[in-house]
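Please open the structure in a viewer and keep the sequence beside it.

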Amino acid sequence: QVQVMESGGGLVQTGGSLRLSCTVSGRLFVSTGMGWYREAPGQQRELVGGLTRGGKTNYADSVKGRFTVARDNAAHTIKLQMNSLKPEDTGVYYCYADVIQTRFDAESRFWGQGTQVTVSS
């Protein structure tokens, strides 16, 4: 099976920074896309930022210029650097990994358990 593990959440003041990390492990042939979603209280889960294996990025408009995703393909790791944080960035951040487990399998998406980010005003 595939495990997705996040770390790095916490409490920070407005304007501060946090860095989240995510590692994928287990039985996998290749990880294609990796990235982050977040879920604020009472709201739907939304994409924050993601990266394809080839390096193409995709960010939510609300975080462009403040957040950066970077991945290490060999280590199956992705990081989310969050700068200039705002109270509206508060939520549970979930890492995802799109994985092909064997050469005979289709791509599947796996999720981490989530890590809480709280930005105080």
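How many disulfides does a search of the whole structure find? The search finds one, a disulfide being a pair of cysteine sulfur atoms within 2.5 Å. Before selecting it, please note that this is a predicted model, in which local features need pLDDT of at least 70, side-chain atom pairs count only at pLDDT 80 or more, and totals for chains, interfaces and linings use all residues. Residues are numbered from 1 along each chain as its sequence is written, and side-chain values use heavy atoms, with hydrogens and water left out.

**The disulfide**

Select Cys 22 and Cys 95, whose sulfur atoms are 2.0 Å apart in the disulfide. Cys 22 belongs to strand β3 (residues 18-26) and Cys 95 to strand β9 (residues 91-100), so that distant parts of the chain, 73 residues apart, are linked. Strands (E, at least two residues) and helices (H or I, at least four) are DSSP runs, numbered from the N terminus. The torsion about the S-S bond is about -85°, so the disulfide is left-handed. Both Cys 22 and Cys 95 are buried; buried means under 20% relative accessible area, exposed over 50%, and partly exposed in between (1.4 Å probe, protein chains only).

**The aromatic cluster**

Next, select Tyr 37, Tyr 96 and Trp 111, which ring pairs link into a cluster. Rings of Phe, Tyr and Trp (its six-membered ring) pair if their centres lie within 6.5 Å; planes under 30 degrees apart count as stacked, over 60 as edge-to-face and the rest as tilted. The whole structure holds three aromatic pairs. One of them is the edge-to-face pair of Tyr 37 and Tyr 96, with 5.6 Å centre to centre and 70° between the planes. Tyr 37 is in strand β4 (residues 30-39) and Tyr 96 in strand β9, so this pair ties together parts 59 residues apart in sequence. Tyr 96 is buried, at 7% relative accessible area.

Now turn to Tyr 37 and Trp 111: the ring centres are 5.3 Å apart and the planes stand at 70°, so this pair is edge-to-face. Trp 111 lies in strand β10 (residues 108-111), 74 residues from Tyr 37, and is partly exposed at 34% relative accessibility.

**Charges over rings**

Then select Arg 45 and Tyr 94, where the charged end of Arg 45 sits over the ring of Tyr 94, 3.7 Å from its centre. The criterion is NZ of Lys or CZ of Arg within 6 Å of the ring centre and within 35 degrees of the ring normal.

**The nonpolar core**

Which residues have the most contacts inside the largest nonpolar core? They are Val 24, Trp 36, Phe 67, Ile 78, Leu 80, Met 82 and Tyr 93, in a core of 28 residues. Such a core is a set of buried Ala, Val, Leu, Ile, Met, Phe, Trp, Tyr and Cys residues joined through side-chain atoms within 4.5 Å. Among the elements giving two or more residues to this core are β1 (2-7), β5 (46-51) and β11 (115-120).

**A threonine pair**

Finally, select Thr 77 in strand β8 (residues 77-82), a buried residue with a relative accessible area of 13%. Leaving aside neighbours within four places in sequence, Thr 77 is in contact (heavy atoms within 4.5 Å) with residues including Cys 22 and Met 34.
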